[in-house]
Amino acid sequence: MRLTRRRALFGLAAALAAPGIARAESLSLSASLRPPPRPPALPGRLIASADLGARISYAVLDAQTGALLEGRDAQRPAAPASTLKTVTALYALDRLGPERRFATRLLLAGDRLVLAGGGDPLLDTDHLADLADAAAAAGLDAPAQFEVWGGALPAMHEIAPGQAPHLAYNPAISGMILNFNRVHFDWRRGNDGYRLGFEARARRESPVAYTVRAETVGSGPVFDWRREGAREVWSVNRASLGAAGSRWMPVRLPELYAGDVFQTLCRARGLALPTPQIAASLPDGAREIARIESPPLREILAGMMNFSTNLTAEVAGLHASGARDLAASAADMQRWAHERGFDAMRFADHSGMSPSSRVSARDMALLAVRARPEDQIEGLMRDISPFDENAPLFADGLRITAKSGTLNFVSNLAGFAEAPGRRKISFAIFVANEDRRAGTEGQEMPAGVAAWTGRARSLHQQLIAAWVQRYGAS
């Protein structure tokens, strides 16, 4: 025992005297004991484990050459949902250029004042307040007529018919757009019933929206809309309200909404305007009092891709085509795609809300690869942080930059992925349970959709991580 202890102490002293040698031996031993990396998971196994009851197609491409590395029904046309906004962004950049801006102007012709919309999808109440400041500073007398013009874009009651009427992502379209053609609705129950209010809410200014009102009813759907002259009226089933709450609601009469808000803002600055009317045309020989210009198109499209704003997508597409209705505009974008060799693409809109649009996974991934360098399409996409702890995230630094597309029981993703020291891939994944989608068309958060979508998004990440591991070797 004594001899063994002495040898142990001698060995420890030698290790302390030569720490580099001891550490090298330790690292060598650790490396020899480290298990080899697990092979990437098989896609079929991942898809079966997700248990989505869905039809799934995907394509994986080399991001430099566009060569197909792997596919599953890669040529099958599928509903792209909001991944279609990637196509819309490239189409708008090509037709309009990245620096294109859209102006909202205040025009004066005799005793006629006109608020002229230029189809700016980012115009908000604070911008109208700046125009009201300019009108007050100009020392205008109260005009005999006040009109709002929205003819820069075609007028549409909603983007996608068949949706529930209260969904804020499906508002009217016009050349006069305010707050994404949404209005903020809030309610609070008191002793004598509900207090209901609508505001044109922005960061600085939130005036009351007098052109929209609500009434509570004891039966019927949760929300129902009707027009009464120059007003929008929402009937709200009081049983669904609870004690208090708020939400954004779509606007269906955008010119009158914007005119009402501008009238209120001007009144606060000492300029009294008459009741707004809708202008059929712009006056000849009008003098421009003031204008507000949008950010450049590229910045607008970055916001569209980040927040997946349907209205912005349709507005960008309509500006790019110059068409007078959405069907003709979508057809023009379809021709644009066909001219670039994507003959199987079929479009019914620019936002992806319509289930009638069709794009294959391979074409979606290849379109991004073939985008012009100056379009910098990857820079418009979102960085998607890996979140699934069960995904085979084989290396720190896995980066996914993509555009998602979500409808009820549809979960799509298209973009790029790479990891340090590995080549980049382009991919598109389309996941859809068509029976459940069709059965819940237009519904807001139907039963089971949240859990289903969560499993689909986990599947996206597991597939991508496996692809980068399998095909990412430089």
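Biologist: Is Arg437 buried or exposed?

Modeller: The model is predicted: local features need pLDDT of at least 70, side-chain atom pairs count only at pLDDT 80 or more, and totals for chains, interfaces and linings use all residues. Residues are numbered from 1 along each chain as its sequence is written, and side-chain values use heavy atoms, with hydrogens and water left out. Buried means under 20% relative accessible area, exposed over 50%, partly exposed in between (1.4 Å probe, protein chains only). Arg437 has 12% relative accessibility, so Arg437 counts as buried.

Biologist: With which side chain does the side chain of Arg437 make a polar contact?

Modeller: Arg437 is in helix H12 (residues 434–439); helices (H or I, at least four residues) and strands (E, at least two) are DSSP runs, numbered from the N terminus. A polar contact is a pair of N or O atoms within 3.5 Å; within protein, one must be able to donate a hydrogen and the other to accept it, and residues adjacent in sequence count only if both atoms are side-chain atoms. At 3.0 Å, the partner of the Arg437 side chain is the side chain of Glu434.

Biologist: Phe409 is in contact with Arg437. What is the phi of Phe409?

Modeller: Phe409 is in the loop between strand S17 (399–407) and strand S18 (410–418). Its relative accessible area is 1%, so Phe409 is buried. Phe409 is not a glycine, yet its phi is positive, at about 60°.

Biologist: Which residues have the most contacts inside the largest nonpolar core?

Modeller: A nonpolar core is a set of buried Ala, Val, Leu, Ile, Met, Phe, Trp, Tyr and Cys residues joined through side-chain atoms within 4.5 Å. The largest has 44 residues. Helix H4 (residues 84–96) gives the largest share, eight residues. The residues with the most contacts inside this core are Val87, Leu301, Phe347 and Ile377.

Biologist: How far apart in space are Leu301 and Leu93?

Modeller: Leu301 lies in helix H7 (residues 297–307) and is buried, at 0% relative accessible area. Leaving out residues up to four places away in sequence, Leu301 touches Ala89, Ala92, Leu93, Ala316 and Leu380; contact means heavy atoms within 4.5 Å. Leu301 and Leu93 are 208 residues apart in sequence, but C-alpha to C-alpha they are apart by 8.8 Å.

Biologist: What is the phi of Ser308?

Modeller: Ser308 lies in the loop between H7 and helix H8 (310–321). Its relative accessibility is 23%, so Ser308 counts as partly exposed. Although Ser308 is not a glycine, its phi is positive, at about 55°.

Biologist: Which residue in S12 is the bridge partner of Phe185?

Modeller: Two strands pair if DSSP finds at least two bridges between them. Three strands form an open antiparallel sheet in the order S8-S7-S12. Strand S7 (residues 182–190) pairs with S12 over seven bridges. In S12, the partner of Phe185 is Arg247.

Biologist: How far apart are the end C-alpha atoms of helix H5?

Modeller: The expected span of a helix is 1.5 Å times one less than its number of residues. H5 (residues 125–137) has 13 residues, so the span should be 18 Å. The end C-alpha atoms agree, being apart by 18 Å.

Biologist: Which residue just after H5 takes a positive phi?

Modeller: At the start of H5, a side-chain oxygen of Asp124 reaches to within 3.1 Å of the backbone nitrogen of Asp126. Just after H5, a positive phi of about 70° belongs to Gly139.
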